[in-house]
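The sequence and the structure are shown first, and the description follows.

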Amino acid sequence: MKNYELMVIFKPNLDADEVTKVIEKMEKTVKDLGGKVENVEKTGRKKLAYDIAGNRDGFFSTVVLSLPENQVSEFKRQLNINDNVIRSMLTVVNEKVSA
């Protein structure tokens, strides 16, 4: 399994409880794919540098996770079909990041 860092921006119309529910659903997806969530950091609502799908701000969160390499494309697909996610970026982390 490789370690990844996921930066995700959620729609700004979600409140804190709804964001928590979406993150929990994302954690369940990772576990169902055979991975493990190491750390979740909710950065909060921030203004975007430019409009994304008509949104001027978004709720930012960073997730450190490990996932089997053959499941990465399925995880990205799940992120893309989630209506609450307006942008995401998954990067490989060479070292294990500790919380």
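Predicted model: local features only at pLDDT ≥ 70, side-chain atom pairs only at ≥ 80, totals over all residues.

The residues of helix 2 that are buried are Val72, Phe75 and Leu79. Around the axis they take up an arc of only 65°, which places them on the same side of helix 2. The face turned away from that buried side bears Ser73, Asn80 and Ile81, which are exposed.

Helix 1 can be described in the same terms. It runs over residues 16–32, has 17 residues, and extends 24 Å from its first C-alpha to its last, close to the 24 Å expected at 1.5 Å a residue. Its buried residues are Val19, Val22, Ile23, Met26, Thr29 and Val30. Viewed down the axis of helix 1, these residues fall within an arc of 110°, so they line one face of the helix. Asp17, Lys21, Lys25, Lys28, Lys31 and Asp32 are exposed on the other side of helix 1. Among the elements that cover the buried residues of helix 1 are strand 1 (2–10), strand 2 (36–52), strand 3 (55–67) and helix 2 (72–81). After helix 1 comes glycine 34, with a positive phi near 90°.

| Helix 1 | Val19, Val22, Ile23, Met26, Thr29, Val30 | 110° | Asp17, Lys21, Lys25, Lys28, Lys31, Asp32 |

Serine 66 belongs to strand 3. With a relative accessible area of 6%, serine 66 is buried, because the limit for that class is under 20%. Setting aside residues up to four places away in sequence, serine 66 touches Met1, Lys2, Asn3, Val30, Gly35, Lys36 and Glu38. One of these, Val30, is also among the buried residues of helix 1.

Valine 92 is located in strand 4. Its relative accessibility is 46%, and valine 92 therefore counts as partly exposed. When neighbours within four places in sequence are left out, the contacts of valine 92 are Lys2, Asn3 and Tyr4. Valine 92 and lysine 2 are 90 residues apart along the chain, yet their C-alpha atoms are separated by 7.2 Å.

Lysine 46 lies over the face of phenylalanine 60, at 6.0 Å from the ring centre. The structure contains 0 aromatic pairs.

The chain as a whole comprises 2 helices and 4 strands, arranged along the sequence in the pattern β-α-β-β-α-β. Its radius of gyration is 13 Å, close to the 13 Å given by the globule rule for 99 residues, so the chain is as compact as a globular protein of that length. The C-alpha trace spans about 35 × 25 × 25 Å along its principal axes. Of the 99 residues in the chain, 40% are buried. Among contacts in the chain with a separation of 6 or more, 71% are between residues 24 or more positions apart.

Terms used: Residues numbered from 1 in each chain as written. Heavy atoms only, no water. Phe/Tyr/Trp six-rings, centres within 6.5 Å; stacked < 30°, edge-to-face > 60°. Lys NZ or Arg CZ within 6 Å of the ring centre and 35° of its normal. Expected span 1.5 Å × (residues − 1). Buried < 20%, exposed > 50% of the residue type's maximum accessible area, 1.4 Å probe, protein only. Arc of directions from axis to C-beta. Contact = heavy atoms within 4.5 Å. Rg over C-alpha atoms; globule rule 2.2 N^0.38 Å.
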